[in-house]
Structure formats: C-alpha cells, structure tokens
Amino acid sequence: MKIINNSIQIMKAATLNLPLYFMFFALSVSITACSAGIKKAEASKYNADLGIRYLQKGRLKLANEKLLKAISQNPNSAKSNHYYALLQEKLGYTKKANQYFSKAIRLSPKDSELRNNYGSFLCKNNNYQAAVNQFLIAVKDPLYSTPEFAYTNAGICLRKANDQAQAEKYFRLALKKRASFPSALLEMAKLYKDRKNFSKAQAFMLRYETVGKSTPEALQLCTTINQKMGNQLKANNCKKTLLRLFPESKEAEIINETLR
C-alpha cells in the first residue's frame, strides 16, 4: 500500500511541475529563435554593406551576389532592397528595378534618400510627374540633410518634360537652400543659354566655376556661352581644356566637329 501511495505522490509532483518544465522549454526555444534571428539580421546587414561597396566600385557581379544573399537573409531590409534596385537600374533591368524600389518604399516610406533615388529612376524612364512627386516627398522631411539635390532633380525632370518655368522654380529653391550648389548653378546656366539670355547664363556659369568641377558638360557650356558673349579668349581656354582633359567625350566630339 505504501508503494502505491508513494507512486501516486511522485506522479502528482511530476504533474504539478509539468507546466513549469514546458514554460522553461518554450522560453529556451524562444531565446534560441531570437538569437538566430539576430544573427541572420546581422549577416544580412554585413552582406548588404559588402554588396553596396561592390556596387560603388563597379563590381556588379559580386554586388548582385551579396545583395541577393542579404535579401534572402532578411527580405524586409529596406536598405538591401533599395540598393538591389539601384543595381538592377544600372544593369538595365527596368521592371525589376521598379519592383525593388517599390518594395523598399513600402518598407521605409520616410527614407528621403530612397525617395530621391526612386525619383531619379522614374525621371530617366520618362515618368516625370511621378518622379517629381518622389522628390517633393523627400524635401518635406525636415531631417533630410540635402534637399538641394531633390529640388535640382525635380527641376531637371521638369526640363525634360518641357516645363521650363517650373524647372526654374525648383532650381531657385535648390539655390535658396544652398547658394553655392554646383548642379543647380549649372542647370540655371543651361536654362538661360537655351533662352538665349547669354548674359544671365554667363553670370551663373561664373558662379559655377568658383565651386564646380571641370566636367565635359560644363566646359562645353563655358565655350558656347563665352562665344556668344564675344569673349573668345575664355571660349578658347574652355575648349582647349575640354579637348585636353576629355578627348573621348561626346562634348569633345561636338567641339571637334565645329572646328572642321
């Protein structure tokens, strides 16, 4: 009889402790899963950063490999989807790029850099109004540190859409944010050159030359504007610099054609 009673007591104790055992087991499983999730997220970030560096260096095959791996490890990483979209754009896969840009926007709708890059992509593909909308969303973010980029991009896109007045408005907004922003100064010089207002074009060109780089586009513009203003010495200097620094550029080819 005692043996039976002891067995019953042991069974009761085991029954009472059963939920506690399962509680610790569930907690252990949860901690393990959480730890695995953290490791996967860290691995995804590591591969994304590698992929971005490869993309910046033009090593596109490796960039593709690492960014795809990052996305497989963490499909909800806005950063991985964003840069994979930029890679697809660079590779010429427009539909795929749009798909990953859209996903990144859903995951991180307040990312102004992402909005700006998506706007640039849309503008390149002649979706002008949608592009401008993305740029304007970017500049509405008070934490966005470079709104002059988005304003200038909006202006460039509107010029492509042949809306010169609105384009000028956004270039001026960019310069209001940063008076020495080279891209906006160059765009204003181009805009006034196209309007045949060469004195204003020259004024913006001079401002650009104090802060901007000697690019093929800028040197060709400098040549044209100064020729129109009768400043042949400056025009010749710009032309020579273009042919010396960028002999293979399309701008140099155009200049060479005019010399024949």
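Visitor: If the bonded cysteines are numbered in sequence order, what is the pairing?

Guide: This is a predicted model, in which local features need pLDDT of at least 70 and side-chain atom pairs count only at pLDDT 80 or more, while totals for chains, interfaces and linings use all residues. Residues are numbered from 1 along each chain as its sequence is written, and side-chain values use heavy atoms, with hydrogens and water left out. A disulfide here is a pair of cysteine sulfur atoms within 2.5 Å, and by this rule the count comes to two disulfides. With the bonded cysteines numbered in sequence order, the pairing is 1-2, 3-4.

Visitor: Which helices does the disulfide of Cys-123 and Cys-157 link?

Guide: The sulfur atoms of Cys-123 and Cys-157 are 2.3 Å apart, and the torsion about their S-S bond is about 120°, so this disulfide is right-handed. The pair links distant parts of the chain, 34 residues apart, with Cys-123 in helix H5 (residues 112–124) and Cys-157 in helix H7 (residues 147–160). Helices (H or I, at least four residues) and strands (E, at least two) are DSSP runs, numbered from the N terminus, and the names asked for are H5 and H7.

Visitor: Is Cys-157 buried or exposed?

Guide: Buried means under 20% relative accessible area, exposed over 50%, and partly exposed in between, with a 1.4 Å probe and protein chains only. Cys-123 counts as buried because its relative accessibility is 7%. Cys-157 has a relative accessible area of 0%, and therefore Cys-157 is buried.

Visitor: How many residues apart in sequence are the parts tied together by Cys-222 and Cys-238?

Guide: Cys-222 and Cys-238 form a disulfide with their sulfur atoms 1.9 Å apart, and both of these cysteines are buried. Cys-222 lies in helix H11 (residues 216–228) and Cys-238 in helix H12 (residues 232–245), so the parts that the pair ties together are separated in sequence by 16 residues.

Visitor: How many helices does the protein have?

Guide: Read along the sequence, the protein follows a pattern written with α throughout, α-α-α-α-α-α-α-α-α-α-α-α-α. The protein has zero strands, and its helices number 13.
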